[in-house]
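This briefing sets out selected features of one structure for computational work.

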Amino acid sequence: MDLLTATGAARRLVDPILTVVFPSACAACGRALSRPTRGPLCEGCWDAVAGRGSPACRCGLPLPPGKPRCGRCRRGRQPLAAGTSLGLYEGPLRVAIHELKYRGRRRVAGRLVEKLLEQGSARALVEGCDVVVPVPLHPRRLRERGYNQASLLARELGRRAGRPCGEGALVRRKDTTPQYGLSAAARRRNVAGAFAVRRRGLVAGRVVTLVDDVFTTGATAYACARALREAGAREVRLLSLARVL
C-alpha cells in the first residue's frame, strides 16, 4: 500500500468519528462537514471552488467585453508570456484562500493545487515550465505569518507536476505597504524595485512559472516578472488561485 492509498484509508476511518465527536461546519456555507479531514469546506463548496470564470487575456488579466487582448499585451508591454487562474476571487474560492492565508490552514494549499491541476490550462503552464517560483514575502512579514502561502502552493505544484520549486530564487527586498485598498497606480509605485533575483542559476535561460494566490491589477506579478526577465529568464508565466475583476 502506497502513502496516498494509506492516507485515504485513514481518512475514511477517521472522518465518521470526527463528525460525531468534533462536529465542524463548512467555512463557506455553514453546513456540517461530512469529511472534516478534507476541510475547511464541504464537498459541495470544494466542487464550486473552480466555478465561475470570466474572459481573460492569454496573460491572465481579465478582459473587458469585446476585447481579445489586454492593453498591456496590445502595447507590447506585458512581461508575462501566459497566465491563468482557478477562478474569480469570490465565493468558496475566496473563503478557501482566506483560510490558507489568514487562518493558518496550510493543508488547504494541497487541495487548492489539486483543483488547479484539474484544469488543462493550469496544468500546461506547470508541465511546460522548467521551474516553479513563488512570489516571496518580505522577511518581516514571513516571520509574522510563519509561512508564505505562495511557497506552499509552489511546493505542491512542483511535487505533483514533477517540476523543481525555485523557492528563494526571487526575494522581496523592500517591506512594502500591503496592496489591499490601493489604486492600480499606487500598487505599481508600491512594488517598484521591490523584488530581486538572488539565485540566477535557477532561472537564467529557463521558462519560469510564477505562483501567487490572488491576481488583482497585476502590479506584483509584473514587478516579479521583470526581475526574473532581467536575470535571464527565457519566459515568465503566472499561475494564481484567483483573479479580481
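Gly87 has Ala242, in β6, as its bridge partner. The model is predicted.

- β1 and β6 run parallel and are joined by six bridges.
- The open sheet has four strands, ordered β1-β6-β5-β2, with parallel pairing.
- β1 (82–88) and β2 (131–134) are the edge strands; each has a single partner strand, so one side of each lacks a neighbour in the sheet.
- From one strand to the next, the twist averages 20°.
- Helix α5 (residues 108–116) packs on the sheet, where α5 touches β1 and β6, and its direction makes about 110° with that of β6.
- Helix α6 (residues 120–127) lies across β1, β2, β5 and β6 and runs at about 145° to β6.

**Helix α10**

- The 12 residues of α10 (residues 219–230) should span 16 Å at 1.5 Å a residue, and the 17 Å between the end C-alpha atoms agrees with this.
- Nine of these 12 residues are buried, so α10 is largely enclosed by the rest of the structure.
- Among the buried residues of α10 are Ala219, Tyr222, Ala227 and Leu228.
- Partners in the packing of the buried α10 residues are α3 (71–75), β3 (170–172), α9 (184–191), β4 (195–197), β5 (207–215) and β6 (235–243).
- Thr220 belongs to α10 and is buried, with a relative accessible area of 14%.
- Leaving out residues up to four places away in sequence, Thr220 touches Val135, Arg172, Gln179, Val191, Phe195 and Asp212.
- Gly232 follows α10 and has a positive phi, near 105°.

**Cysteines**

- Zero disulfides are found in a search of the whole structure.
- The cysteine sulfur closest to that of Cys42 belongs to Cys45, at 3.7 Å, which is too far for a bond because a disulfide requires the sulfur atoms to be within 2.5 Å.
- Cys42 is buried, with a relative accessible area of 8%.
- Cys224 also counts as buried, at 0% relative accessibility.

**Surroundings of Arg31**

- Arg31 sits in the loop between α1 (3–21) and α2 (43–48).
- Apart from neighbours within four places in sequence, Arg31 is in contact with Ser24, Ala25, Cys26 and Cys42.
- Between Arg31 and Cys45 there is a separation of 14 residues in sequence and 9.8 Å in space, C-alpha to C-alpha.

Terms used
Residues numbered from 1 in each chain as written. Predicted model: local features only at pLDDT ≥ 70, side-chain atom pairs only at ≥ 80, totals over all residues. Heavy atoms only, no water. Helix = DSSP H or I, 4+ residues; strand = E, 2+ residues; numbered from the N terminus. Contact = heavy atoms within 4.5 Å. Expected span 1.5 Å × (residues − 1). Buried < 20%, exposed > 50% of the residue type's maximum accessible area, 1.4 Å probe, protein only. Pairing = 2+ DSSP bridges. Axes fitted to C-alpha atoms, helices over the stretch in contact; angles between N-to-C directions.
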